[in-house]
Amino acid sequence: MLLTILLILKIGLFVYLTRIEYNQILIFLVGSLITLFFFTWIYFSNSNKKQALAFSFYNTISAIMFIDTLYYHYFNSLPSITLISQMGQVAAVGDSVKELLNPLNILFLVDIPFLFIYSSRKKKKIKREGKVYNRKLRIGVPGGIGLVTVIIFLITYSLGYGTALEKQELYTYHFKDLGNIFKSDNVVEGEEDFSVEEISDENQLPLRGNNSSEEKRYNGIGKDKNLIVIQVEALQNFVINNKYEGQEITPNLNKLIKDQSSIYFDNYYQLVGRGNTSDAEFVSQNSLYPTIKDGSYALYEDNTFYGLPWILRDEGYTSWVFHGYEPEFWNRKNAYPNQGFERFISQEDFNVEKIIGFGLIDEEFFKQSIPYIKEMGEPFYSFMITLTSHTPFNMPEYLHVLDIKEEHKGTMFANYLQSIHYADKAIGEFIEELKKEGLYENTVIALYGDHSALHCTNEENKKIMTEYLGHNYDYQDVMNVPLIVHVPGQNINETISTVGCQLDFLPTMLNIMGLENEKGIMFGIDLLNSTDSLVAQQNYLPTGSYFDNEKQFIMAGDGIYDHSRCHDLKTREPIELEKAKENYEKAIKEINLSNYILQNDLIKELINGSGNIKIKEKTKLNMENMDYIAITENNSREDLDRAYENGFKMIELDLSWNKDKEKIEIKNSNMDVNDLINWIEDHEDAYIVINVEEDEKVALRHMKETYPDIVDRFIPQIHDMSNYSAAFVKGFDNILLNLNIKEYKDKEILDFINRCEILGVVMDKDRGKGELPKKLEKEGLLTYVYDINNENDRKTFKENNVYGIFTKKLIP
């Protein structure tokens, strides 16, 4: 009882610390019931080790909540079990982890030592009294609690709030996360996805902002010059051209921007996944979205890529990467060769006597890199990753140059200003050293921040930054990092305010260097020649959140679109959510497509194959005379022949999946699938509307793999919205949503059809008499009513905007 009460209290604390905005009572109730179920199951068992089992369960869940809330505080999302692979890196950033701790997080663990003493004493008492549990397992109480929990789950999902549990409730989230380990894909659930089978030679993959015009602004201004790219640790944009108490925070970067040879991008945003800094590198070099399963360098170490290092190497450049830390960190050592870097200058190549945080001090990093850069010969590409301004920004006092107000001393804000001021100093000295060595005039210098430093989820940061900036400190500020491109000798001094991100770095730099990406894929745009901006987020903000040139959209943490928020980037005034929907869908589609490209190593296919990756065009169905669908009585060949002779072009068949034989069968029929295939081939203008009520996904996958040439002749009915992706990705271009098994509200249906491309919706007579057919027609969607056998009924439904019917007796 004690452990149960304490753990339920911790569930309440978990709900509070993960800042659940909607459905708090539901989340708390489900978490409490599941907790109660496990404890009562243990209590009513006959195990002699029930005390140990209860204590182990309590400790495990407490530890999970501790880790979850700690992670959530920084990343604004719950962690995945796949991140266990990154645990070895926690020690390296131990100081950063300490900064995340607060007294409320500690409450998840602080009682465990005391309970351990209590548990030990109790076990001794049980042993001393010789207590033995030999009664039968009593399942009444835990069974009742389990039943109540299941009922709540069913009600929750039927009301359309299932995603709130899956994304926010402790047990549901982790159970589902564990299940996802066994999935091979990385698709955003409920959304469109792509597969290798969809690659064809018919249509060029559309890339945003492609500008084939020869008249490109600033095209080739860096042609044949060397290139140095500096990725600055935790450099946020608010410090640029800004002061603290009259002191310039980044005087050297400000000077570089004011120079008559620089372009400054002030609406540039981070785009990182679980790999954080390493993902900023990955995205910038390749113009591909990062994964959120693990660091991209770890998950796709062996993939073939064709990004900036490779493109420059093809132009005769030497491509090296420089970083003053251990080569194994973030799997850089193994990943860099396939990224295109010929050599990795790491901690092993530097004199590392001067260390701040967990790496070589920036001044020494730049100073010691000069000899290696000279060794590269010209033209060269040097990619340099700084370290000193890494969170928690603790530097020795002798490097504190800025005068800090008493009220800010000791805060992360003040430490960050000192840290980034030092990084700016080191960059300034590096540029001067390039001039002394004669490397400056013929070198393009590009510099950007990898990710945010001061998170708005930290109350102290948010309060100080709001006061400092004079407006509410939000993700628009947090994720805004600068991009500066300096081309010596060019009469350029421009600030570009087009919204962009690290995805856009590669196409923008290729334009400046006068190069084309003739072999690879780029999801970004050239920020100098396009305004087709879309910054689709999936880490720190829920997947589907984005920035474009007008607005910031933040998807709700519970996964329910209507709970999301959107505001104007300039005025910061709220914007109607409906205006954000098109780019929300576009963002998810791009992320899914990028994921499939990575998962299937399609860039290798692109380089070794025809020269481009292309997406199959959907087969459009000619809907003439398609308003009657025949219901077959016996699923027989005779039924098919009779329906076709009566003028039906669409005929329904019930199929089933034989698990033992692992094949499709025609339900209760003497006709086998080969007979059906032969019939379809003989009737080129007929379509089979298939109905598989169980194992839909497995059956559809089998059909696609076994009968790829005629898959467009089948029209599947999906009975669960979550099965849409399985149907779409397997090449079924025309899909019907059947409402006769699972209940959905009108709003859920309309939201679904706005996200997913389907042919129509099948419903029963009662629903066909309501308002839904009219709503669907407004959206350009067809409505079918099931089993209409009276001509007067047909006319009545037609007057109510119902397009077609399923029928046993009527004929077209």
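Arg572 is partly exposed, at 27% relative accessibility. That makes it a handy place to start looking around this model, which is predicted.

**Charged partners**

Who does Arg572 meet in a salt bridge? Its partner is Asp477, with 2.9 Å from N to O. Arg572 sits in the loop between β19 (565-568) and α20 (581-599), while Asp477 belongs to helix α18 (residues 475-478), so this contact ties together parts that are 95 residues apart in sequence. In general, side chains of opposite charge can pair when their charged atoms come close. The structure has 31 salt bridges in total.

Another of them pairs Arg637 with Asp641, at 3.7 Å from N to O. Here both residues sit in helix α22 (residues 637-645), and being 4 residues apart puts about one helical turn between them.

Then there's Lys808 with Asp787, where the N to O distance is 3.2 Å. Lys808 comes in the segment after β29 (804-807) and Asp787 in the loop between β28 (782-785) and α29 (791-799), so parts 21 residues apart in sequence get tied together. Salt bridges can also share partners: Glu245, Lys405 and Glu407 are joined into one network that way.

**Rings**

Now for the aromatics: the structure holds 36 aromatic pairs. One of them is Phe350 with Tyr372, an edge-to-face pair with 6.1 Å centre to centre and 85° between the planes. Phe350 is found in the loop between β8 (343-345) and β9 (355-356), and Tyr372 in helix α15 (residues 362-376), so the pair links parts that are 22 residues apart in sequence.

Rings also gather in groups. Phe282, Tyr297, Phe305, Tyr336, Phe341, Phe344, Tyr381 and Phe383 make up one aromatic cluster.

Charges and rings meet too. Arg343 has its charged end over the ring of Trp320, 4.9 Å from the ring's centre. Lys435 lies over the face of Tyr440, at 4.9 Å from the ring centre.

| Residue | Relative accessibility | Class |
|---|---|---|
| Phe350 | 7% | buried |
| Tyr372 | 16% | buried |
| Asp477 | 12% | buried |
| Arg637 | 31% | partly exposed |
| Asp641 | 24% | partly exposed |
| Lys808 | 45% | partly exposed |
| Asp787 | 19% | buried |

Asp787 counts as buried because its 19% falls under the 20% cut-off. Its salt-bridge partner Lys808 is partly exposed at 45%.

How values were computed: Residues numbered from 1 in each chain as written. Predicted model: local features only at pLDDT ≥ 70, side-chain atom pairs only at ≥ 80, totals over all residues. Heavy atoms only, no water. Phe/Tyr/Trp six-rings, centres within 6.5 Å; stacked < 30°, edge-to-face > 60°. Helix = DSSP H or I, 4+ residues; strand = E, 2+ residues; numbered from the N terminus. Buried < 20%, exposed > 50% of the residue type's maximum accessible area, 1.4 Å probe, protein only. Lys NZ or Arg CZ within 6 Å of the ring centre and 35° of its normal. Salt bridge = Lys/Arg side-chain N within 4 Å of Asp/Glu carboxyl O.
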